[in-house]
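Please open the structure in a viewer and keep the selection tool at hand.

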Amino acid sequence: MKKIKYILITALLLQSLASCKKVVDVDPISNEVSSEYYRNYSEVNIALTGCYNGLQEPLQNEWMLTELRSDNAKQRSVSSTTNANVELNQLNLYMASAQHQQIYNYWLSTYKNIRNINYVLRSLGVTYQNGALVYGTPTATVTDAQKATLIGQALFLRAYHYFNLTRLFGGVFIVSQPLDPSLSKQVNRSSVADCYQFIVADLQGAIANASQAKYTAIPAADLGRVNAWSAKALLAKVYLTLPTPRPADALTLLNDIIANSGYGLESSYANVFSINNEVNKEILFTVRFKAGLVGLGNPMANSFAPASSGDAIVNGDGSGFNYPTNSINSAFRISTTSFTDARKPVTIGTYGASTTPYYVNKFISTVLVKNDAENDFPVIRFSDVLLMKAEATGYDGAAGTSMGIINQIRERAGAGTYTTGSFTTAFYKYPAVGTGAITNATDFLTALLDERRVEFAFENQRFFDLVRTGQALNVIRAYYASEYTAFYGKYTPVIPLATLQANINTDKLLLPIPQREIDTNNEITITQNPGY
Amino acid sequence: MVLCLLTTTANQLLAQSATKNITVTGKVTDNKGEPIPGVSVLVKGTKTGVSTDPKGDFKFNNIPSNATLVFTSLGYTPQEVLLNNRKALIVTMIESVSNIEEVVVVGYGTVKKSHLTGAVAKLKGDGLDEIATSRLDNALIGKMAGLTVQINSSEAGSDPTLRIRGASSISADASPLVVVDGHPIDDGLSYVSPQDVESVEILKDAASSAIYGSRGANGVIIVTTKKGVADKPRFSVKSYYGFKNPYKLQPIMNTTEYTNLLFQEAALRANDPTVPVASQNLITANERAAYIIENQISGTPTDWQKVALRDASIYNIQASVSGGKKDLRYYVSGNVQQDQGVMKYSENRRTNFKASIDANLSSKLKLSVSLNPTYTRTQTPAVNFTDYYRFLSFIPVTHTAFTAAFVDQNAQWAGIREGDFAQARHFTNLVYAGTMPDGSFYTSPGNVAPFSSTNNTPISIAARENRFSTQYRLQGSTDLTYALAKSLTVKSSVSGYYRDVENDIFTQSNARKDGDVNSGTIATAKTIDLLWENTLNYSHSFGKHNFTGLLGYTVQKTTTNASQIVGSNSPSDDFTSLSQASLIDQLNTYTTVVPVGLISYLGRINYDYKGKYLLSGSLRTDESSKFRPGKRSGWFPAVSAGWLVSSESFMDKTQNWLSNLKLRASYGVTGNNRIADFSYLDLLYKSTYTFGSGTGTVSQGQSPDNPVTYGPDITWETTNSANLGLDFGFFKDRLTLSIDAYQSQTDKLLLQQGTQSITGSNVFYNNNGSIRNRGFEIELNSVNMARKSFRWTTSLNFALNRNKLLKLGGEPYQYNYGERNEIYASIVGQPYTQFFGYKTDGIWTSQAEVDAALAAGQTSILQSYFQPGGLKIKDINGDGKINEQDRVALGKPFADFTWGVTNSLKYKGFDLTFLIQGSQGGQLIDGDVYYNESKKLNRNLTNNRWVSAANPGDGKTPYFTNGIAADALLTDYAIENASYAFLRNVNLGYTLPKVFLQRTKLASVRLYATADNVFFITGKSYRGINPEARTVSAQYASPVISGYQRGGFPVNRTITFGLDVNF
């Protein structure tokens, strides 16, 4: 009897041991594991969609590093001491240190998406070796056509991020494949030249692989995806931005786009940004947002709407960030009696009766729930392609191609033909001769930059335009002077104008490499940008 | 000390010279008059004995009339009574003070305290249920050496941080394992009613906790709840009611006071020739407008702190009945509690029910069933205390007719009526005119924004945003114990713990901002935790050798099903469901299922020789699903030994003063696996995007978005620890003293190791690091006075712990970052986390001083550094450059030592207990120093501030907008002393004398009053209002990012009145 009992208990125990083993053999139920994904076209395409999603996050900081450091935007309140405002003041005043949180946020979110992209490219066998892309055998099961379309898009997205990083930080860390934390401390900064070599290689790869379909031939479901035209336009901008620009190469690409892409100008400026007309023929590439609480809403409407406006502009109040300067406000020619620049009401709104009533209107649409606006954020528009062509061509006479392009842009914005009157009170196309005619290369550059400024206001282009054309220091210093009495002189403690103007120098045009990135690396020395 | 009381009811007869045998009857009670069943009554020197029945009565036949009877019972001091021909006795037994023969619960069993070889602290139930405390963990404060309980927040129902002997983990959870009646339950201390608790044991050293293997590294807290004893039904009703109020508030200036200060400072500057005329009067139009509103429009300043707070109350009623027969015993209790926080919208309600039955089904088979359902509902305020005191006082809570009419000037606010919540924005964009503090008349140049906060007032947010957490828990267990043989029993226990938590947030329209639509979040998490334990117990003695052995096999499976639904725009604000929400937030609506498993084998052998030489060894192996196959198993051995020196014959001479002396030594290995599940896997997360014409169609997306990169090869942390202990008992154990010294070293530290952000994430999981904790502890218990009517006892505990980071992934240091990017540095060779930043050397008092420094060639990478009135930084390395090379460790969040003293006085029916408890030598970061909006209003931070070169203040306090203080850089200006001493609890009780109760059926009645947090003192540099308050959410949940305080919630002072009735 006793024996049976023992046997029974032992048997029960042994059986339970075997069956309980599965208690620890568990797999995640709610998530895929990367090593078991990226297996076929569908999965890699879904992962690539994740990379598009990753474009959104850096944009929440990009305006701080571009518009706020140009003459387009400033901080609304000099006296606010809240952390967010103090951080933004520092950028606006060129006083940001290497520990600046927003600079770091941009850095981290950009590199995060670069990781996402590198996962996709790894599964497609694409590596970057000795300054060139190498197309190896994909680990995913894809056809050649599928492979090309995936590679083309991914390479563009990577180049887009690196182009921004290089323009903002100078030479950065080139990470072209998923980087193991244990090896990451061996990666140092690359030179600006090496970064551009990488960017150009990626964009050439994108042009070679991505869809060549004309705008009208793009399947409706694929609108918004990268194609060869997006890549050509971005490469043209890279060529114009290189330390040694390659305008001729840019021009070839731009002419190709103008002639063959099917993209073109929208009939009106407002149409370009209308949420009822998204991914229109003027949009070569845009970062898309979507309202309706699907997790893809654009928070810019609430960030940029005037602070303390309640629900007057958007539901849920605004923060009043990216506040338009008097300088940009008056850059638009508005006349009560004659031609006015139709771009102004699209770009800048006014609210309230205060002396500081402006706000960025470009990305505001009705929102039901805070931070959930529909507006896309354009990266490259056809008007940019045209104006880049003017830039690449250079000054070719008051009635030349370049001035023709500028006038084409102005005409779309409502400019009249100049007969008589003042350019400062009404909005005209530049005449070929006489008053207002652009007769030399210097004036042409000014006219081009002014045109780009109003055309692309708050599209994060102005800062890069000024740096690319070598105008940043004198333009921003002059801007500080022009708004000193009304605004900058009111900071406490008082910042003398000379100090303010001295804050911005060649070194400060580059942002600091985040201190955290330098602090964390105890294996190699990372050189900080000069001036920090 | 032992107090014997002997009463005779029979006449004192002369002792007869001849011995004859008599029959003796008697009753044994405790000092409250309660009968004690099961007391063993022996004739001294024989083996003849009886025991008392459930009524405490005994009858002893045929014993010598001059015999001496020995009364023994567990937990009571043995007593000898000389019969002296008496035939009826009433014996009062005194609970043993020394606890030497007390039984201590250890993992998977119990051990006599005298046989203990590890470091275990015990708190008995009556220390818990005589005081009014809402939570069990709060009742442990200051009671046991080596356990620290930090009340991070005074919100009702909030969890404190518990640490046993410091922390041995950096990225994994460093809190102790909590075991309730044998079942490891992580939130066990939050719901068990303190009055249901029989005892709490703390396993401190590895030898004690290694039986819990992979979860024992941070110590174990064992909670044992009450069980029935064979007796007539004994009823007990315990109730209390109390009031709470805030101990101390922030010294915040109202707008008028602040504006006056600004004008005084302007006057001072006007008299200082070094200040240019343009810089004398820095008062802005906004500040002037605010003053005008407060004095001439709203009329009275709003004290936002008072608006936030209320007179709160707490009540608790517990009823229980226990009893049974020899073969069937029961304990049933019910408990209702409501605990309000002093901040509005903070409340915790709890209802407990507990039933346990122990049955002897046969002489060999025993069954225990226990069931403990609880219901908890917690309301949490939607805004924290900081948001209140940063708000400017000129904003009224609600509009008066006058203010409403005033803001109606603005067409946008034309709808504002008297009684509506006032918001800062209502007062913007208007022209203000009025008299200034200096008598001048001021009219604003155009429209101004007196307070440009875009936030609604905190009280209007709190009133419109309801946050409730509803929690159902059910803990149940069934144990079957079968005696296979006399010395061999097998026990199989199945226990389950089910927890259903629903966290609801319902926000009404316009709650935080105008135009906010109503919205709701319903987050639920259902956890089912099943535990199957099988143990084989063996105990055998031959000669003077005593063995006990334990073999066990346990399986634990935990499955958590979580889901969240977020919806917006219901047709009415009244909805507290999302059934009518017009929009569901797709990003934030999800479900997850997380399975976790653990399979363990364990064994233990205890051996003693004559009860003098003690030896114990245990081994556990755990296999956990938290790690990948191949890394799942861990082995956790432990050995310990003890020597009861005082039992040696050579110690006989010292018995009169040294009644007990024991040496203990132990060594063991424990582990820790408490990190996020599936941290060894590279998981992908939802990451959608929209393609296509129009506004696009949402497409599936996936990306490796985890902020912490996975560690494929991570495995257990292992902690090796050694403990040496000495137990003393003096004067028949009237004074007992335990001293423990320990060292533990954690290797293979589970680390969120910092890495380059260029990998896409700035931290990854790694197993590379070592921490050492060393310390010693003293526990002293003394019976200072022991008279028949007066008794005074003192318990004292002291614990000192030092930790040191020995290794960190091969790196010399790692920085971790808080909300203001303040750095918490883990530097090898130093305490495992320290505040890291710049040391200051006062402030720049004048431009001349700045100019001199600049002339001497000093440079700084810190922006706006060279500003008079700003903090001046020490050039630590003396290179003339103020840069990151000058950063040093500024302090540590750990106390040098902690202590607690409990004094207990009993005089006749009165009892008085008070607990003083303290923590010495730690530091904290005062985040308020960087929180500009409130800092300028806080007298503690503006007193004696710099005004101008001729009025430099105390030379240490910077002018608020000047210099790097606004740069959110961590300097020692923000570091404060975190030491404190609290008079934590005073309890005065009165037990009605028996004579009053004789005609009633009541057995005992006790009335008491308790005051909690009666008084506290803090370190001199401390500028806040609650030295214990810490931020513990978000990144501050990490053990290394600790010591940050912002917006310390006021300490609650509680006065409670209670009534305990037993019948």
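The stops below cover an interface, the cysteines and several individual residues of a predicted model.

**First stop: chain A against chain B**

Colour chain A and chain B separately and turn to the region where they meet. How many residues does each chain bring to the contact? Chain A contributes 106 residues and chain B contributes 104 residues. The size of an interface is often given as the accessible area lost when the parts come together. For chain A and chain B this buried area is about 9,100 Å², with 56% of it on carbon and sulfur atoms.

Next, display the side chains at this interface. Four salt bridges are found across the interface of chain A and chain B. To see one of them, select A:Asp317 and B:Arg425, which form a salt bridge whose closest N and O atoms are 3.5 Å apart. Polar contacts between chain A and chain B amount to 37 residue pairs, counting pairs with both residues at pLDDT 80 or more.

Now hide chain B and look at the side of chain A that touches it. Elements that each supply at least two residues to this side include α1 (2-20), α2 (41-53), α4 (83-92) and α5 (101-123) of chain A. Also among them are α7 (181-184), β4 (283-287) and α21 (515-520) of chain A. The largest share, nine residues, comes from α5(A). Sorted by class, the side of chain A that touches chain B holds 48 nonpolar, 35 polar and 23 charged residues.

**Second stop: the loop between α9 and β23 of chain B**

Bring chain B back and select B:Thr428, in the loop between α9 (401-407) and β23 (433-435) of chain B. B:Thr428 counts as buried because its relative accessibility is 5%, under the 20% cut-off. A polar atom of the B:Thr428 side chain lies 2.8 Å from the backbone oxygen of B:Arg425. B:Arg425 is also the residue that forms the salt bridge with A:Asp317. Beyond its neighbours within four places in sequence, B:Thr428 is in contact with B:Asn410, B:Val448, B:Ala449, B:Pro450 and B:Phe451.

Move on to B:Asn429, which lies in the loop between α9 and β23 of chain B. Most residues other than glycine have a negative phi. The phi of B:Asn429, however, is positive, near 60°. B:Asn429 counts as buried, at 14% relative accessibility.

Select B:Phe678 in the loop between β33 (658-672) and β34 (685-686) of chain B. Its phi is a positive value near 60° in a residue other than glycine. B:Phe678 is buried, with a relative accessible area of 7%.

Select strand β25 (residues 465-485) of chain B and find B:Arg473 within it. Is B:Arg473 buried or exposed? B:Arg473 counts as buried, at 6% relative accessibility. Its side chain makes a polar contact of 2.7 Å with the side chain of B:Asp187. Apart from neighbours within four places in sequence, the residues in contact with B:Arg473 include B:Ser190, B:Tyr191, B:Asn372, B:Tyr497 and B:Arg499.

**Last stop: the cysteines**

Finally, select A:Cys51 and A:Cys195. A:Cys51 is buried, with a relative accessible area of 0%, and A:Cys195 is buried at 1%. Over all chains, the structure holds zero disulfides.

Key
Residues are numbered from 1 along each chain as its sequence is written. Chains are lettered from A and ligands numbered from 1 in the order in which they are written. This is a predicted model: local features need pLDDT of at least 70, side-chain atom pairs count only at pLDDT 80 or more; totals for chains, interfaces and linings use all residues. Side-chain values use heavy atoms; hydrogens and water are left out. Helices (H or I, at least four residues) and strands (E, at least two) are DSSP runs, numbered from the N terminus. Buried means under 20% relative accessible area, exposed over 50%, partly exposed in between (1.4 Å probe, protein chains only). A polar contact is a pair of N or O atoms within 3.5 Å; within protein, one must be able to donate a hydrogen and the other to accept it, and residues adjacent in sequence count only if both atoms are side-chain atoms. Contact means heavy atoms within 4.5 Å. Buried area is the accessible area (1.4 Å probe) that two parts lose on being put together, summed over both. A salt bridge is a side-chain nitrogen of Lys or Arg within 4 Å of a carboxyl oxygen of Asp or Glu. Ala, Val, Leu, Ile, Met, Phe, Trp, Tyr, Cys and Pro count as nonpolar, Asp, Glu, Lys and Arg as charged, and the others, Gly among them, as polar. A disulfide is a pair of cysteine sulfur atoms within 2.5 Å.
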